[in-house]
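Colleague: I would like to go through the labels on this model one by one. Please set each value against its cut-off.

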Amino acid sequence: MNRIEVRNVIYYMIILAASTLLWGCSDEPGPKVVPEPEWELDLVQDEPAPAWKVPESGIYQFSMTAVIRLSGFLEKYADPNDEVSAFVGDECRGIATVQENGKKLFFLYIRGNQGEAQKVTLKYYSAKNKTTYTCRDFLVFEQNGTYGKVSDPAVPPFEESGKYPETMSAVVFLPETLPFERRDKDILAAFVGDECRGVGEQADIAGKVVYRFEIRGRKNETASVYFMYYSMQASGIYKAAESFSFEDGGVQGTLDAPFPVTLQPVAE
């Protein structure tokens with residue numbers, strides 16, 4: 001190695017050492033470096049698959065038809081092993097599995113006798129969530145009656161009996177200046193305690209990036225909702241300083257006036 005090459009090596013070593021020293025003396029703490037988090041709403045309740053059985057033929061004289069579709073919320077978790085059933089009291093009166101007909105539909109035939117005194121209860125078992133959702137005493141049995149049709153399927157409110165039956169909406173806006181470069185795979189999630197209650201859907205409104213939320217809650221919950229942000233570029237997590245109380249049917253921020261948050265790194 002000649003004299004010039006040695007001098008260049010020494011020069012670069014000095015620059016590297018100075019950069020390291022300056023970085024270590026920075027007053028701005030960086031976020032804790034972590035793998036990409038698996039933030040999502042956890043609806044799993046570990047219920048075993050039901051052993052529902054259709055009634056034997058000839059026991060009931062009549063039937064009615066139900067054409068059922070899941071709500072937009074539950075359809076995101078739909079699985080080919082899902083089932084919808086009809087009960088009168090403790091008796092199963094019909095079972096249906098999902099059929100693909102341009103839509104995910106359940107064609108349910110409900111058996112009964114004329115003058116049924118008890119109402120029909122609808123049950124939905126979600127294989128992915130391992131949960132049975134129940135609409136108790138929901139329908140009056142009608143001979144040759146219908147509940148929903150292919151062109152306009154009925155959507156029972158099954159989620160009202162689930163883990164998080166209540167919901168509120170929020171539109172959140174991040175500050176213009178961020179301590180990282182925004183990436184498409186970044187995540188902004190809403191939390192209550194240590195539970196993720198919803199993940200923001202990014203939208204561009206008149207050149208402004210906002211996050212739309214459906215935040216889920218337990219019955220009569222009023223706990224504080226806060227936000228966590230994962231930066232792919234920084235491989236770190238940031239927490240918003242702002243929060244608000246969960247309120248069923250509540251709204252925080254709109255597309256025209258989003259709820260602003262500021263982020264602080266979650267350090268080591």
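Colleague: What makes the charged end of Lys239 count as sitting over the ring of Tyr226?

Modeller: The charged end of Lys239 is 4.6 Å from the ring centre of Tyr226. The label requires NZ of Lys or CZ of Arg within 6 Å of the ring centre and within 35 degrees of the ring normal. Lys208 also lies over a ring face, that of Phe173, at 4.9 Å from the centre.

Colleague: What are the ground rules for the model?

Modeller: It is a predicted model, in which local features need pLDDT of at least 70 and side-chain atom pairs count only at pLDDT 80 or more, while totals for chains, interfaces and linings use all residues. Residues are numbered from 1 along each chain as its sequence is written, and side-chain values use heavy atoms, with hydrogens and water left out.

Colleague: Why is the pair of Tyr124 and Tyr133 called stacked?

Modeller: Because their ring centres are 5.8 Å apart and their planes are at 20°. Ring pairs also link Tyr124 and Tyr133 with Phe106 and Phe158 into a cluster.

Colleague: How do you know whether Tyr124 is buried or exposed?

Modeller: Buried is under 20% relative accessible area, exposed over 50%, and partly exposed in between (1.4 Å probe, protein chains only). Tyr124 has 0%, so Tyr124 is buried. Tyr133, at 3%, is buried too.

Colleague: Why is Asp137 called partly exposed?

Modeller: Because its relative accessibility is 46%. Asp137 lies in strand 6, and its phi is near 45°, a positive value in a residue other than glycine. Most residues other than glycine have a negative phi.

Colleague: What makes Asn144 exposed?

Modeller: Its relative accessibility of 60%. Asn144 is in the loop between strand 6 and strand 7, and its phi, near 60°, is positive as well.

Terms used:
Helices (H or I, at least four residues) and strands (E, at least two) are DSSP runs, numbered from the N terminus. Rings of Phe, Tyr and Trp (its six-membered ring) pair if their centres lie within 6.5 Å; planes under 30 degrees apart count as stacked, over 60 as edge-to-face and the rest as tilted.
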